[in-house]
Protein chains: 2
Amino acid sequence: MLDLSEIKTNLFERFKYIKMPRMRNILIIQDEILSSLRDFLRGEGFVEILAPIIGPVTDPGIRGAKQVSIDFYGHHFKIMSSMILYKQMVVSSLGKIFSLSPNVRLEPQESLATMRHLSEFRQLDLEIAEASYMEAMDLGERMLAYVVRRVKKNCREELTSLKRSLKVPNLPFKKIPHKEAVDLLLSKGYNVKYGEEIPWDAEVALSSMFDDPFWIYDFPLTARGFYDREDPDRPGILRDFDLIYPEGYGEAISGGEREYLFGKVIGRMRSRGDDLRDYGWYLEMLKEGVSPSAGFGIGVERLTRYLCGLEKIWEAVPFPKLPGIASP
Amino acid sequence: MLDLSEIKTNLFERFKYIKMPRMRNILIIQDEILSSLRDFLRGEGFVEILAPIIGPVTDPGIRGAKQVSIDFYGHHFKIMSSMILYKQMVVSSLGKIFSLSPNVRLEPQESLATMRHLSEFRQLDLEIAEASYMEAMDLGERMLAYVVRRVKKNCREELTSLKRSLKVPNLPFKKIPHKEAVDLLLSKGYNVKYGEEIPWDAEVALSSMFDDPFWIYDFPLTARGFYDREDPDRPGILRDFDLIYPEGYGEAISGGEREYLFGKVIGRMRSRGDDLRDYGWYLEMLKEGVSPSAGFGIGVERLTRYLCGLEKIWEAVPFPKLPGIASP
């Protein structure tokens, strides 16, 4: 069970913890992760852009978490919970973009128990113009394999000290349609439904069945936000995906093709009950026309947790913000 | 004069602007800037850490700007305006650290006229344990010269298209004590004072007198926050510095040695009227003992503005947030 006294998110406790060899090793591996992610993407022709920190609107699809509202010169702004809408703005211009994007989501306190939720985290966010979701998945798995190879090669001592034996995953990764993942979990007695996201406990169980990362794809329309593209030939099925780490580490990546047609997005927003007035500039932009694109975000702290073999995600970041806990 | 209609910070206008060759060129140069900054620092043995986005306390010394307060699970948190206090936490453990840190400062609307203030910006923040301010300045100028060389070499076409001819600065940079800078400005009729920061207009005037970047150092104690270290042998003088871009581009870098002794910091806080209760963990940390260190932050958008030869800083970022303007 979770021992809250071990969390050490009080900043003074944290200061002492950061000086311990364990945390030093984790931070050194994290540096290698950041550097290898960027090296890989630059090698693939991606341009790094500066992510927004705040804005008039952010991603609405954040599964039970709350956004942070702020007063920006008398206007209602939010801290970014995901820069997805902003990636669509830039990808039409630059073709292949990435960003280390800062995100704040006030996760419910009960998500603390998953040991993989933080209320402040960073994603390596990327987007590719004219790409299919299969192409984005292909890039994602090559990127992950590259990072694992680099970390194994350059952080041998740190991994040994953390007692983490890391395996370079075999390519291509296994791809499981969402429906099959649900069937598998139903057969094991989990409470999962065809039309919904897979709950965290079931996702961990699924994750524990595999030794290599694997994809779940073709989520149902009802499970996701308005920006995931519906397959034109298979109504009700989204051209999207999650990557799941093995060994119980759970979700790594979430992404897909984007709904980029004005009329389709309006329809999706209406059926979800989104307030169209919140998305003025975004809808104007779609009306003007954006490139079709696909992309994803990979959580940097979760990647660190997986590669370092950490149970608790608050070890995977120097200054953790935990669900429900405001450390002084 | 400043034509507000040209700003195009409305996100839909921005979408169209980002697709224009001028903005594409700027963003491609910015990518090279980010990559060359990191390559340089990794070559010098720095470890990249993840900067905080929010926290219970942030840098108080932000010259007339306001911080953004948020509700974090019922507690009063702020969006980071500078991660300076947090760098001191980590530098004792890792020795040489850097971070691309997100910052929000609600600058007063009149700062819009400087064309170099944004309300949301990123710093390349770094800190070096056991270093003197002279060593930090030495690193800073070598870093800047490296970035200029890389941009000149790899972004030839983009610079030409922006009509920017860029000169690799000669090392070492000129170093001007604050007092001499004030004397020089007084002699030119500017309203500057020995015990204060140099006002923006005077700084621009000073900047216009030079063709290469230059340092102003040894600021007076009264001009800066509690974390800039007072010279033990010269009371009233801080071991700190700013780097100023030439050609009127103004401030590039701000930094110095840190006050790291508990007793000294308490005294400085009291004399400034800071509320000690806001800094509980920080003071506990100093009491426990941190490494002496020196470091600085270099604004990424201002560096982009200088290297691209832009008049307006809102061209130096994909999603600008301007002082006093909440674009929908």
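The entries follow in the order in which I looked things up.

**Entry: conventions**

I am working with a predicted model, where local features need pLDDT of at least 70, side-chain atom pairs count only at pLDDT 80 or more, and totals for chains, interfaces and linings use all residues. Residues are numbered from 1 along each chain as its sequence is written, chains are lettered from A and ligands numbered from 1 in the order in which they are written, and side-chain values use heavy atoms, with hydrogens and water left out.

**Entry: relation of the copies**

I then looked at the interface, with contact meaning heavy atoms within 4.5 Å. Of the interface residues of chain A, 100% are also interface residues in chain B, so the copies meet through the same surface.

Helices (H or I, at least four residues) and strands (E, at least two) are DSSP runs, numbered from the N terminus. Axes are lines fitted to C-alpha atoms, for helices over the stretch in contact, and angles run from 0 to 180 degrees between N-to-C directions.

I took helix α3 (residues 84-94) and helix α9 (residues 280-288) of chain B; their axes come within 11 Å and cross at roughly 35°. The crossing of α3(B) and α9(B) is left-handed (the near helix is turned anticlockwise from the far one by less than a right angle). On the α3(B) side I listed Leu85(B), Tyr86(B), Gln88(B) and Met89(B), which meet Trp281(B), Tyr282(B), Met285(B) and Leu286(B) in α9(B). I sorted the residues of this contact of α3(B) with α9(B) into seven nonpolar, one polar and no charged. Here Ala, Val, Leu, Ile, Met, Phe, Trp, Tyr, Cys and Pro count as nonpolar, Asp, Glu, Lys and Arg as charged, and the others, Gly among them, as polar.

The axes of helix α8 (residues 262-272) of chain B and α9(B) come within 8 Å and cross at roughly 145°. In this pair, Phe262(B), Val265(B), Ile266(B) and Met269(B) of α8(B) meet Tyr282(B), Leu283(B), Leu286(B) and Lys287(B) of α9(B). The residues of the contact of α8(B) with α9(B) divide into seven nonpolar, no polar and one charged.

**Entry: enclosed helices**

I used the relative accessible area: buried is under 20%, exposed over 50%, partly exposed in between (1.4 Å probe, protein chains only).

How many of the residues of helix α10 (residues 300-308) of chain A are buried? I count nine of the nine, so α10(A) is largely enclosed by the rest of the structure. The buried residues of α10(A) include Glu301(A), Arg302(A) and Arg305(A). Just after α10(A), Gly309(A) takes a positive phi of about 70°.

In helix α1 (residues 11-18) of chain B, six of the eight residues are buried, so α1(B) is also largely enclosed by the rest of the structure. These are Leu11(B), Phe12(B), Arg14(B), Phe15(B), Tyr17(B) and Ile18(B). What covers the buried residues of α1(B)? The cover includes α3 (84-94) and α9 (280-288) of chain A, together with α2 (21-43) of chain B.

**Entry: salt bridges**

I counted 66 salt bridges over all chains (a side-chain nitrogen of Lys or Arg within 4 Å of a carboxyl oxygen of Asp or Glu).

Asp39(A) forms one with Arg150(A), the closest N and O atoms being 2.9 Å apart. The pair links distant parts of the chain, 111 residues apart: Asp39(A) is in helix α2 (residues 21-43) and Arg150(A) in helix α4 (residues 133-154) of chain A. Asp39(A) is partly exposed at 34%, whereas Arg150(A) is buried at 14%.

Arg122(B) forms a salt bridge with Glu301(B), with the closest N and O atoms 2.7 Å apart. Arg122(B) lies in strand β6 (residues 120-129) and Glu301(B) in helix α10 (residues 300-308) of chain B, so the pair ties together parts that are 179 residues apart in sequence. Arg122(B) is buried at 4% relative accessibility, and Glu301(B) is buried at 2%.
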